[in-house]
Amino acid sequence: MLCFCTLYFKKLSLFILLLHQSFFSIKLTSMANSFHNSSFFLLLCFLHFVLVAKSQSFIGINYGQVADNLPAPEATAKLLQSTSIQKVRLYGSDPAIIKALANTGIGIMIGVANGDIPAMASDPNFAKGWLSSNVLPFYPASEIIVINVGNEVMSSNDQNLMTNLLPAMQNLQKALNDVSIGGKVKVSTVHSMAVMKQSDPPSSGNFDPNIGDLLKGLLEFNKATGSPFAINPYPFFAYQSDPRPDTLAFCLFQPNAGRVDAGTKIKYTNMFDAQVDAIRAALNAMGFKEVEIVIAETGWPYKGDSNEVGPSIENAKAYNGNLIAHLRSMVGTPLMPGKSVDTYLFAIYDEDLKPGPTSERSFGLFKPDLTMSYDIGLSKANNQVPTPKTPVSPSPNASPKAPVSLSPNPAPKAPVTPTLVPTPNTTVTPPSPKTEKSVKAGVSDSQLQANINVGMLVLSQILWYPMLHMR
């Protein structure tokens with residue numbers, strides 16, 4: 001009976017996969033029209049939304065603490081459990097927060113302060129002591145998944161920190177290995193986009209040669225330990241350096257003519273994908289195709305000073321909401337199709353003690369009273385991304401203001417702006433603020449195909465599940 005059931009499920013699952021390969025070669029639009037009202041199509045949609053609601057491990061959020069009005073850690077833990085956010089990044093290792101997140105199923109990134117890097121690099125016992133104080137009392141009840149040694153060290157121009165970064169990471173890795181959790185808790189560091197020398201077009205992406213040797217050592221560590229390359233791309237800062245209406249649509253995942261990479265002839269329709277693929281190309285060029293990318297920070301401020309380009313509730317809602325929809329679609333990027341990179345939104349709360357322009361204190365998705373600053377569909381009760389209003393175009397007289405570096409979690413550095421080649425034979429008409437649609441009407445063919453692919457894959461996995469547990 002066991003053999004029969006096993007064979008049955010194998011054949012049925014194989015049949016579904018073959019059906020997927022053959023059936024979906026039919027023109028997508030025709031298929032969608034034919035099956036839109038069928039129970040089969042609804043089943044696929046249901047399976048996809050189950051996947052969206054239950055398995056969004058790629059959506060994380062940053063939890064900065066440069067503020068004097070933050071809710072209690074326990075309240076924040078409950079808030080996160082009411083959302084589809086599955087991971088949290090801390091800039092330090094606050095024990096109250098780590099403890100509050102115990103037994104929630106939420107993965108936690110914690111950080112070693114930049115100031116601790118020299119001591120950790122020179123003294124293996126310092127690394128062991130740090131681990132004993134900040135990880136071992138809480139793990140595994142608190143699901144610590146990554147320890148970031150330093151933040152944006154490689155763009156700090158501090159040679160002492162830069163040269164000590166890799167030895168510090170190695171000593172921490174050894175300390176983890178000594179207590180048998182080195183394969184479960186990864187060690188990495190977070191970079192700003194300033195480590196990129198070029199990102200325009202994405203296929204020509206490469207790192208700053210001035211840090212090439214140091215960066216190569218870090219990447220060899222990432223490859224050897226299976227830890228991610230964590231980086232902070234911000235289309236917001238790219239837009240500040242090129243505040244044209246068509247650039248705004250490109251940054252907000254809104255309808256635009258697209259920009260073609262002259263090297264690959266790939267058309268990009270949003271800045272996020274362009275920036276991520278530039279990073280991918282740079283990693284590949286250095287021989288590190290196996291190293292995975294994690295987006296440690298990305299976001300858009302909902303408020304700014306009068307001379308700041310881009311901050312508004314409408315733009316923040318459009319960027320973050322459309323980014324989440326893009327991640328949930330599982331379309332991926334042109335160079336990394338069919339998967340969504342782990343992405344940590346910036347940030348859960350405003351940090352009211354940060355210096356600099358108003359925008360630096362206006363990235364929070366939630367308020368101190370735990371209500372939403374604006375709704376982007378993170379609640380488990382509603383995974384649909386609300387339609388953003390028309391984005392606010394800046395005054396033509398406004399001038400960009402350079403981001404300000406902060407401590408302990410500095411503001412993201414302005415990335416190299418991809419100014420990709422517009423689509424050949426296509427006239428890019430800047431959208432009117434009064435008429436521009438804030439989100440794409442309907443669903444693109446590629447996104448619909450990707451959603452259906454996911455549904456078929458999940459259906460196949462459901463059919464395999466009994467077989468895997470019959471032994």
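1. Glu290 is exposed, at 52% relative accessible area (exposed is over 50%, buried under 20%, partly exposed in between, with a 1.4 Å probe and protein chains only). Its side chain meets that of Lys223 in a salt bridge, 3.7 Å from N to O (the criterion is a side-chain nitrogen of Lys or Arg within 4 Å of a carboxyl oxygen of Asp or Glu). Lys223 counts as partly exposed because its relative accessibility is 43%.

2. A word on provenance: this is a predicted model, where local features need pLDDT of at least 70 and side-chain atom pairs count only at pLDDT 80 or more, while totals for chains, interfaces and linings use all residues. Residues are numbered from 1 along each chain as its sequence is written, and side-chain values use heavy atoms, leaving out hydrogens and water.

3. Searching the whole structure turns up six salt bridges. One of them joins Glu297 to Arg89, with the closest N and O atoms 3.1 Å apart. The two sit 208 residues apart in the chain, Glu297 in strand S11 and Arg89 in strand S2 (residues 87–90); strands here are DSSP E runs of at least two residues and helices are H or I runs of at least four, numbered from the N terminus. Glu297 counts as buried because its relative accessibility is 0%, and Arg89 is buried too, at 2%.

4. Lys354 and Glu351 also pair up, at 3.3 Å from N to O. Lys354 counts as buried at 2% relative accessibility, and Glu351 is buried with a relative accessible area of 2%.

5. Now the fold: eight strands close into a barrel in the order S1-S2-S3-S4-S5-S8-S11-S14, with parallel pairing (two strands pair if DSSP finds at least two bridges between them). From one strand to the next the twist averages 25° (axes are lines fitted to C-alpha atoms, for helices over the stretch in contact, and angles run from 0 to 180 degrees between N-to-C directions). Helix H8 (residues 159–178) packs on the sheet, touching S3, S4 and S5, and its direction makes about 155° with that of S5.

6. Then the inside: the largest nonpolar core has 99 residues, and Ile110, Phe207 and Trp300 are among those with the most contacts inside it. Such a core is a set of buried Ala, Val, Leu, Ile, Met, Phe, Trp, Tyr and Cys residues joined through side-chain atoms within 4.5 Å. There is also a second, separate core of five residues, including Met109 and Tyr344.

Note on methods. Contact means heavy atoms within 4.5 Å.
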